[in-house]
Amino acid sequence: MNQENKYHIHKEEPISDEEIRATKDFKKLTYEYQKMTKPLVKTPLYKRHYRKILMTIILIAIVIWLIIEFG
Amino acid sequence: MYLLHQFYIHSLKATRNLQPDEHKQEIEWIKAAKQHPKYFELLYNKYYIQIFRFVYKRLADKSISADVCSDVFLKAMVNIQSYEYKGFTFGSWLTRIAINEVNQYFRAKGKVPSISIDEYGQTQFWKEVHEGMSKEEYILISNLMHSLKEDEKEIVELRIFDDKAFKEVGEILQITENNAKVKFYRVIDKLKKLYLEKYHESGK
């Protein structure tokens, strides 16, 4: 065969439908899809929509602490 | 949502016995798959064997073909929102993805692109290029194919080795059926000339 040939043709090895069906796995595909579309590491709570509430609670706590200490 | 689920259960049972009006049904399945990924199973069941055979023909390894085939369906599942029916079937769209995935596999592994052909494929090839050639001329076919550009190889593979109709070849390459015919016969003319120049006139 030509050593520089960049295209290879070989004789076809038959494969049955049953053998092909045995490789089917839709559950695995769904898992891969979820892994790809929904990141495994979720955004921490304080970085999401609770952020404002959290900041307000911290602010109130600081004010209460200031009143108790210096009020 | 309940009705959609019932439709899914009914269609899942029907996947193995497709009716003649399966094309309309397929459009419904695509709509359902766009709404929820679980409905993609209907399309997966319908096309798995076809796509696996297409990939296996090129990779000639069961387990690698299963992995690449899985990548093809994963890509289709992720990008199904961008699929729009424009006269080309979903199977053709999947085949297009499969071609890209196979090419990507060859590039990533640094392997020489390959294809498996049976006796029928060889006969068909010589019928088009130079009738009367021996069937056992793998190397010669390989050398001639090597001389072609990527898109030219693609059309010969689809038409001769995958034994696809011109309509389907056109759908996969996203060109019209007539354009596919014109392109194919242009490549065949090129192969005929190459064969005569390289092998026939020089006495092979």
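Predicted model: local features only at pLDDT ≥ 70, side-chain atom pairs only at ≥ 80, totals over all residues.
Visitor: What distance should helix α2 of chain B span at 1.5 Å a residue?
Guide: Helix α2(B) covers residues 22-35, 14 residues in total. Helices (H or I, at least four residues) and strands (E, at least two) are runs assigned by DSSP and numbered from the N terminus, and the expected span of a helix is 1.5 Å times one less than its number of residues.

Visitor: Which exposed residues does α2(B) carry on the face turned away from its buried side?
Guide: Buried means under 20% relative accessible area, exposed over 50%, and partly exposed in between, with a 1.4 Å probe and protein chains only. In α2(B), the buried residues are E26(B), W29(B), I30(B), A32(B) and A33(B). Seen down the helix axis, they fall within an arc of 165° (taken from the directions from the axis to the C-beta atoms), so they line one face of α2(B). The face turned away from that side carries K24(B) and Q35(B).

Visitor: Against which helices of chain B do the buried residues of α2(A) pack?
Guide: In α2(A), the buried residues are F26(A), L29(A) and Y33(A). They fall within an arc of 55° seen down the axis, so they line one face of the helix. These residues pack against α3 (40-59) and α4 (62-78) of chain B.

Visitor: Which three residues supply 24% of the area that chain A buries against chain B?
Guide: Contact means heavy atoms within 4.5 Å, and 29 residues of chain A are in contact with 39 residues of chain B. Buried area is the accessible area (1.4 Å probe) that two parts lose on being put together, summed over both; here this area is about 3,200 Å², with carbon and sulfur atoms giving 66%. More of chain A's share than any other three residues supply comes from Y7(A), I9(A) and F26(A).

Visitor: How many salt bridges are counted between chain A and chain B?
Guide: A salt bridge is a side-chain nitrogen of Lys or Arg within 4 Å of a carboxyl oxygen of Asp or Glu. The side chains of R53(B) and D17(A) meet in one, at 2.7 Å from N to O. Between the two chains, the count of salt bridges is three.

Visitor: With which side chain does the side chain of E152(B) make a polar contact?
Guide: E152(B) lies in helix α8 (residues 150-161) of chain B and is buried, with a relative accessible area of 14%. A polar contact is a pair of N or O atoms within 3.5 Å; within protein, one must be able to donate a hydrogen and the other to accept it, and residues adjacent in sequence count only if both atoms are side-chain atoms. At 2.9 Å, the partner of E152(B) is K190(B).

Visitor: What is the phi of D163(B)?
Guide: Most residues other than glycine have a negative phi. D163(B) lies in the loop between α8 and α9 (166-173) of chain B. Although D163(B) is not a glycine, its phi is positive, near 55°.

Technical notes:
Residues numbered from 1 in each chain as written. Chains lettered and ligands numbered in written order. Heavy atoms only, no water.
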